[in-house]
Amino acid sequence: MRGLFSTVAVLLVALMIVTTEAEKNKREKGKGAKAGATECAEWRYGSCVPNNGDCGVGVREGTCNNQMRKLKCKVPCNWKKEFGADCKYKFGSWGECDTATGSKNRSGTLKKALYDAECQPTIKVSKPCPAKTKTKAKGKKGRGKEN
């Protein structure tokens with residue numbers, strides 16, 4: 001009985017060693033393939049092109065020498081077409097409502113240009129003024145009945 005037990009134990013240890021060696025080889029093989037594909041250092045990426053419509057999930061193509069790669073990307077559905085989805089700006093507060101034009105303005109300075117996008121250093125955006133001002137109701141809330 002002891003002989004059978006020791007034989008099973010030796011087989012289990014041998015199986016564990018073989019499995020760990022196979023796993024190491026598999027990991028090293030995967031690293032080698034990836035390292036060869038990223039030899040190029042000067043990748044140039046185009047803008048994100050949505051799969052359907054003007055926004056949503058899409059693809060961005062990158063080129064370097066004779067290599068080409070595609071990256072998944074996403075164009076937000078609230079992006080401003082004037083300055084693109086790859087240009088990130090820091091905006092100030094909205095200005096006062098201009099009664100002549102019926103709109104408010106604010107300006108933004110370039111914070112980050114993604115994927116070497118060509119962005120304007122400063123931009124101005126506008127939006128329509130609200131139709132009417134909101135007023136808060138004056139009264140006691142959550143007090144219940146008073147006697």
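Me: Which residues does Arg60 touch, not counting residues up to four places away in sequence?
Reply: Contact means heavy atoms within 4.5 Å. By that criterion Arg60 touches Tyr45, Gly46, Ser47, Cys48, Arg69, Lys70, Leu71, Cys73, Asp86 and Tyr115. This is a predicted model, in which local features need pLDDT of at least 70 and side-chain atom pairs count only at pLDDT 80 or more, while totals for chains, interfaces and linings use all residues. Residues are numbered from 1 along each chain as its sequence is written, and side-chain values use heavy atoms, with hydrogens and water left out.

Me: Is Arg60 buried or exposed?
Reply: Buried means under 20% relative accessible area, exposed over 50%, and partly exposed in between, with a 1.4 Å probe and protein chains only. Arg60, which lies in strand 3, counts as buried at 4% relative accessibility.

Me: Which backbone oxygen lies 3.0 Å from a polar atom of the Arg60 side chain?
Reply: The backbone oxygen belongs to Gly46, a residue that is also among those Arg60 touches.

Me: Which strands pair with strand 3, and over how many bridges?
Reply: Strands (E, at least two residues) and helices (H or I, at least four) are DSSP runs numbered from the N terminus, and two strands pair if DSSP finds at least two bridges between them. Strand 3 (residues 56–64) runs antiparallel to strand 1 (residues 44–45), to which two bridges join it, with Arg44 standing opposite Thr63. Strand 2 (residues 49–50) also pairs with strand 3 in the antiparallel sense over two bridges, and here Pro50 stands opposite Gly58. With strand 4 (residues 67–75), strand 3 forms an antiparallel pairing over nine bridges, in which Val75 is the bridge partner of Gly56.

Me: Which residues take a positive phi in the hairpins of strand 3?
Reply: In the hairpin of strand 2 and strand 3, with five residues between the strands, Gly53 in the turn has a positive phi of about 70°. In the hairpin of strand 3 and strand 4, which has two residues between the strands, Asn65 takes a positive phi near 55°.

Me: Where is Leu15 found, and is Leu15 buried or exposed?
Reply: Leu15 is found in helix 1 (residues 2–37) and is exposed, with a relative accessible area of 56%.

Note on methods
A polar contact is a pair of N or O atoms within 3.5 Å; within protein, one must be able to donate a hydrogen and the other to accept it, and residues adjacent in sequence count only if both atoms are side-chain atoms.
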